[in-house]
Amino acid sequence: MAGLPERKTLPRLDESLLTHLPPFSRLEKRQIRIILDQASSRRYDEGVAIFQEGHPAERFYMLLDGYVRVVRITPTGEQVTALHIPAGQLLGIAKAIGRDTYPATAMTASEALALSWPMHLWEKFVSDYDGFGTESYKTLGHRLGEVQNRVVEMATQQVEQRVANALLRLINQTGRKVDNGIEIDFPITRQDLSELTATTLHTVSRLLSGWEKQGLVESRRKRIVVRDPHALVVLSQK
DNA sequence: CCATTAAGCTTCG
DNA sequence: CGAAGCTTAATGG
């Protein structure tokens, strides 16, 4: 049987994919064309690793669609989720922080689509393309701040506050308006939330049940809608 | 206050 | 069906 060719020639990537995204927004069409011609495009199922902590950082990525969880494994073997990254952001930019291995694992939290380039192009992009470097470092700084906040939270806040904060961040970064509130835009389990907040799925389940009775949230399996964000803010500050 | 254990229920594939 | 996801209660650090 004559097998299909391993790799079909993809339709040419359209420049509009990148023109609005901050790292590329200051570039001309011609430059974006060159960048796209060097990119590989790939679709990922939900729940697969795009790259793994500790592995050689061979490529960097631009997430075009979907959501990615940045996950680290603690010395004791538990997973902790550092943050979620929405479409439109760079990913796996180890070179930017002077590393040649990935500092964390990137798991898809939904179906996802990403472009990628060989890491050796990183320096070239930074030097050749106006705004690419500064924008990248901006998002990097932003993420670092987030992770640090999380660390402080773990040390100072009680579980209820941490979970409330995690939900607020999730709806801020990845929320989608629905009729009765704001829904987290990708499938998220109580287990996932517990890994974000360093607690157990049982505690998360109890908290969500309680909040549901008070009308703050609404949840079904893998879906959470926040009906009253302000009430969560209040909770997160006691 | 919260983790752990254990048991049972629901939903998905 | 079985597996994954979720709930609830009891116990104990």
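1. Start with His202: one of its polar side-chain atoms sits 3.3 Å from a base nitrogen of DNA strand B. That is a polar contact, meaning a pair of N or O atoms within 3.5 Å; within protein, one must be able to donate a hydrogen and the other to accept it, and residues adjacent in sequence count only if both atoms are side-chain atoms.

2. Before going on, some housekeeping. This is a predicted model, where local features need pLDDT of at least 70 and side-chain atom pairs count only at pLDDT 80 or more, while totals for chains, interfaces and linings use all residues. Residues are numbered from 1 along each chain as its sequence is written, chains are lettered from A and ligands numbered from 1 in the order in which they are written, and side-chain values use heavy atoms, with hydrogens and water left out.

3. Thr199 has a polar side-chain atom 2.9 Å from a phosphate oxygen of DNA strand B, and Arg206 has one 3.5 Å from a base oxygen of DNA strand B.

4. Who else is around? The residues surrounding DNA strand B include Gln158, Val159, Thr203 and Arg221; "near" here asks for a heavy atom within 4 Å. Helix α7 (residues 201-213) gives the most to this surface, with three residues; helices are DSSP runs of H or I with at least four residues, strands are E runs of at least two, and both are numbered from the N terminus.

5. Now the aromatics: the structure holds twelve aromatic pairs. Rings of Phe, Tyr and Trp (its six-membered ring) pair if their centres lie within 6.5 Å; planes under 30 degrees apart are stacked, over 60 edge-to-face, and the rest tilted. Phe24 and Phe132 make a tilted pair, 5.7 Å centre to centre with 50° between the planes. Phe24 is in the loop between α1 (16-19) and α2 (29-37) and Phe132 in helix α4 (residues 132-156), so the pair ties together parts 108 residues apart in sequence. Both Phe24 and Phe132 are buried (under 20% relative accessible area; exposed is over 50%, partly exposed in between, with a 1.4 Å probe and protein chains only).

6. Phe60 and Phe125 have ring centres 5.7 Å apart and planes at 90°, so this pair is edge-to-face. The pair links strand β3 (residues 59-65) to helix α3 (residues 121-128), with Phe60 and Phe125 65 residues apart.
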